[in-house]
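Please keep the sequence and the model in view while reading.

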Amino acid sequence: MNELIGRVFSFESHVFPNQSALYNRLASDGQSPKALMISCADSRVVPEHIMQADPGDLFVCRNAGNIVPPFATQNGGVSSTVEFAVVALGVRDIIVCGHSDCGAMKALVHDELLSPMPNVAAWLRHSHAAQQVTRDSYPADLSDAEKIRAVTLENIVVQLSHLRTHPSVASGIARGEIALHGWFVDIHAGQILGLDGETGRFVALREGVSLPVALPHARRLAAEAPYVQAAE
Ligand SMILES: [Zn+2]
């Protein structure tokens, strides 16, 4: 038997019995995860591992390129997962998490890689804004690695903007109940960068320093009083 597949018996015989109290509580009380993380499907980027999360802590959606299609373009798994997390579970923090050495982001820099993968090519259309920002606004003489890093960070920014097109997310942001986070995992250095929404730059997450947040919890209503006062 495949050695990895065989480890499931270890879960049944060792892991579950040691955490039976936690699983019993989650089974009887239901889940109330503390955050939604949308990350790449890359096997080296494991949200629960990075967050040191236990079962029940984190609602996770993973796909190639940590992409969130804009609301109106696709009624798919990501849109439904986001809506369920926000409406049914009341998640207050959403993290879009990209990473170094990302195959999807490499394909945005080297289009020729996509010719045998038409579905990946179509999926990555949701990242074309990041591709064009990188082409138009970064120096032309960047190294390959620098281009891939740039498009990866810009892609996180683009997917965060797509999140805001989802009505449930937009409404939660307006009420001040949802904050957005953009993270980048450097799998070579074991370091996480976070998008600072005020500067638009990614900075290292450091213990003891305030966490960089892409869009903090804050009530945002576009109209002036009396609408705002009436709602408070
Ligand atoms: Zn990736």
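The protein is split into domain 1, residues 1-30, and domain 2, residues 33-231, with bounds that come from an automatic or database domain assignment. The centres of domain 1 and domain 2, taken over C-alpha atoms, are 30 Å apart. The model is a predicted one, in which local features need pLDDT of at least 70 and side-chain atom pairs count only at pLDDT 80 or more, while totals for chains, interfaces and linings use all residues. Residues are numbered from 1 along each chain as its sequence is written, and side-chain values use heavy atoms, with hydrogens and water left out.

C40 in strand β1 and H99 in strand β3 are 59 residues apart, a pair that links distant parts of the chain. Helices (H or I, at least four residues) and strands (E, at least two) are DSSP runs, numbered from the N terminus. The cut-offs are under 20% relative accessible area for buried, over 50% for exposed, and in between for partly exposed (1.4 Å probe, protein chains only).

Charged side chains come next. A search of the whole structure finds seven salt bridges, each defined as a side-chain nitrogen of Lys or Arg within 4 Å of a carboxyl oxygen of Asp or Glu. One of them joins D101 and R44, whose closest N and O atoms are 2.8 Å apart. This pair also links distant parts of the chain: D101 lies in the loop between β3 (93-99) and α6 (103-109), and R44 lies in the loop between β1 (35-40) and α4 (47-50), 57 residues away. D101 is partly exposed, with a relative accessible area of 29%, and R44 is partly exposed at 43% relative accessibility.

Two further bridges can be located in the model. E3 and R7 meet through their side chains at 2.9 Å, N to O; E3 is exposed, with a relative accessible area of 53%, whereas R7 is partly exposed at 48%. E177 and R175 form a salt bridge at 3.0 Å, N to O. Both are partly exposed, E177 at 34% relative accessibility and R175 with a relative accessible area of 43%. Elsewhere, salt bridges that share partners connect D42, R44, D101 and K106 in one network.

The pockets complete the tour. Rolling a probe the size of a water molecule over the atoms shows where empty space is left. On a 1 Å grid over the protein atoms alone, a pocket is an open set of points where a 1.4 Å probe fits, with protein on both sides within 12 Å along at least five of seven lines; lining residues have an atom within 4 Å of a point. Grid points are joined across faces, edges and corners, and a volume is the space filled by probe spheres set on the points.

The largest pocket holds about 220 Å³ of space. Its lining includes Y138, E146, R149 and F202. The elements giving two or more residues to this lining are α9 (144-163) and β6 (201-204), and α9 provides the largest share, six residues. By class, five lining residues are nonpolar, one is polar and four are charged. Ala, Val, Leu, Ile, Met, Phe, Trp, Tyr, Cys and Pro count as nonpolar, Asp, Glu, Lys and Arg as charged, and the others, Gly among them, as polar.

The second largest pocket has about 150 Å³ of space. Among the residues that line it are L108, Q131, Y138 and K147. Each of α6, α8 (128-137) and α9 supplies at least two lining residues, with the largest share, three residues, coming from α8. The lining divides into six nonpolar, two polar and two charged residues. K147 is placed in helix α9 and is partly exposed at 29% relative accessibility. K147 and M105 are 42 residues apart in sequence, with 9.4 Å from C-alpha to C-alpha.
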